[in-house]
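This report describes a protein chain through its nonpolar cores, salt bridges, helix packing and selected residues. The sequence and the structure are shown first.

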Amino acid sequence: MIDTEIDPPEWDGPSKSQLKRDSQALQDMGAQLVDMPEGKLQKFDLPENLKEAIYEARRLKSREAKRRHLQYIGKLMRTADTEFITHTLEKMDHQSKTYRQHFAQLENWRDRLIAQGSPVIEEFVQQHPEADRQQLRNLQRQANRERESKKPPAAARKLFAYLREITE
């Protein structure tokens with residue numbers, strides 16, 4: 001007698017295709033880091049071996065050597081904190097939802113700082129200890145003066161730029 005009852009296959013983890021897609025995504029993220037300007041790259045807290053590999057890839061001229069090196073960077077990315085890297089890249093991408101949320105949050109801070117002054121400055125400094133309290137106060141006062149005298153909001157723009165610098 002033939003046994004017609006077939007055991008359902010057990011799940012062995014992600015498929016080979018999924019593993020390849022994940023690997024390609026890490027390589028693409030590494031390529032973004034390689035092509036990124038130096039100032040933006042400094043915002044990433046990368047492991048030392050990954051930083052060295054990125055700088056090495058920037059020096060390579062041969063297309064094939066660069067392709068192989070990007071594969072190596074993808075391999076190194078498997079051990080790095082890719083969640084932080086992804087989040088930081090999204091904050092830099094003007095089309096991403098994370099960027100728009102961050103931008104709206106900065107606008108909210110700026111508006112609250114200008115309207116409410118010292119209590120909000122203290123709240124901001126508690127959340128971001130590296131912020132310069134005096135500079136925030138000066139920019140807040142200038143922005144209020146400009147608003148009262150109906151001048152263009154140059155100080156408000158400077159305040160926004162400063163907030164952006166602190167939070168990135």
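Does Arg-58 count as buried, partly exposed or exposed? At 25% relative accessibility, Arg-58 counts as partly exposed; buried means under 20% relative accessible area, exposed over 50%, and partly exposed in between, with a 1.4 Å probe and protein chains only.

## Basis of the model

The model is predicted: local features need pLDDT of at least 70, side-chain atom pairs count only at pLDDT 80 or more, and totals for chains, interfaces and linings use all residues. Residues are numbered from 1 along each chain as its sequence is written, and side-chain values use heavy atoms, with hydrogens and water left out.

## Nonpolar cores

The largest nonpolar core has 20 residues, of which Leu-33, Phe-44, Ile-73 and Ile-85 touch the most other members. At least two residues of this core come from each of the helices α1 (16-35), α3 (48-59), α4 (63-77) and α5 (82-92). A nonpolar core is here a set of buried Ala, Val, Leu, Ile, Met, Phe, Trp, Tyr and Cys residues joined through side-chain atoms within 4.5 Å. Helices (H or I, at least four residues) are DSSP runs, numbered from the N terminus. In soluble globular proteins, nonpolar side chains tend to be buried together.

Which residues does Ile-73 touch, not counting those up to four places away in sequence? They are Gly-30, Val-34, Leu-50, Ala-53, Ile-54 and Ala-57, where contact means heavy atoms within 4.5 Å.

## Salt bridges

The model has eight salt bridges, each defined as a side-chain nitrogen of Lys or Arg within 4 Å of a carboxyl oxygen of Asp or Glu. One of them joins Arg-58 to Glu-38, with the closest N and O atoms 3.0 Å apart. This pair links distant parts of the chain, since Arg-58 belongs to helix α3 and Glu-38 to helix α2 (residues 38-41), 20 residues apart. Glu-38 is partly exposed, with a relative accessible area of 35%.

Within helix α4, Arg-68 and Glu-64 lie four residues apart, about one turn of the helix. Their side chains meet in a salt bridge (3.7 Å, N to O). Arg-68 is partly exposed at a relative accessible area of 45%, and Glu-64 is partly exposed at 38%. A network of salt bridges links Glu-64, Arg-67 and Arg-68. Elsewhere, the side chains of Arg-110 and Asp-111 form a salt bridge (3.2 Å, N to O); Asp-111 counts as partly exposed at 36% relative accessibility.

## Packing of α8 and α9

How do helices α8 (residues 133-148) and α9 (residues 154-167) cross? Their axes come within 7 Å and cross at roughly 150°. These axes are lines fitted to C-alpha atoms, for helices over the stretch in contact, and angles run from 0 to 180 degrees between N-to-C directions. The two helices are therefore roughly antiparallel to each other, a description used for angles over 145 degrees.

From α8, the contact is made by Gln-135, Leu-136, Leu-139, Gln-142, Ala-143 and Glu-146. From α9, the contributing residues are Ala-154, Ala-155, Ala-156, Lys-158, Leu-159, Tyr-162 and Leu-163. In the loop between α8 and α9 lies Lys-150, which has a positive phi of about 60° although it is not a glycine. Lys-150 counts as exposed at 76% relative accessibility.

## Selected residues

His-102 is located in helix α6 (residues 97-116) and counts as buried at 10% relative accessibility. Leaving out residues up to four places away in sequence, His-102 touches Lys-91, Thr-167 and Glu-168. Ile-166, in helix α9, counts as buried at 11% relative accessibility. With neighbours within four places in sequence set aside, Ile-166 is in contact with Phe-124, His-128, Glu-130 and Ala-131. The C-alpha atoms of Ile-166 and Asp-35 are separated by 24 Å, and these residues are 131 residues apart along the chain.

Gln-71 is part of helix α4 and counts as partly exposed at 37% relative accessibility. Although Gln-71 and Ala-31 are 40 residues apart in sequence, their C-alpha atoms are 9.4 Å apart in space.

Note on methods
Parallel < 35°, antiparallel > 145°, perpendicular 65-115°, else oblique.
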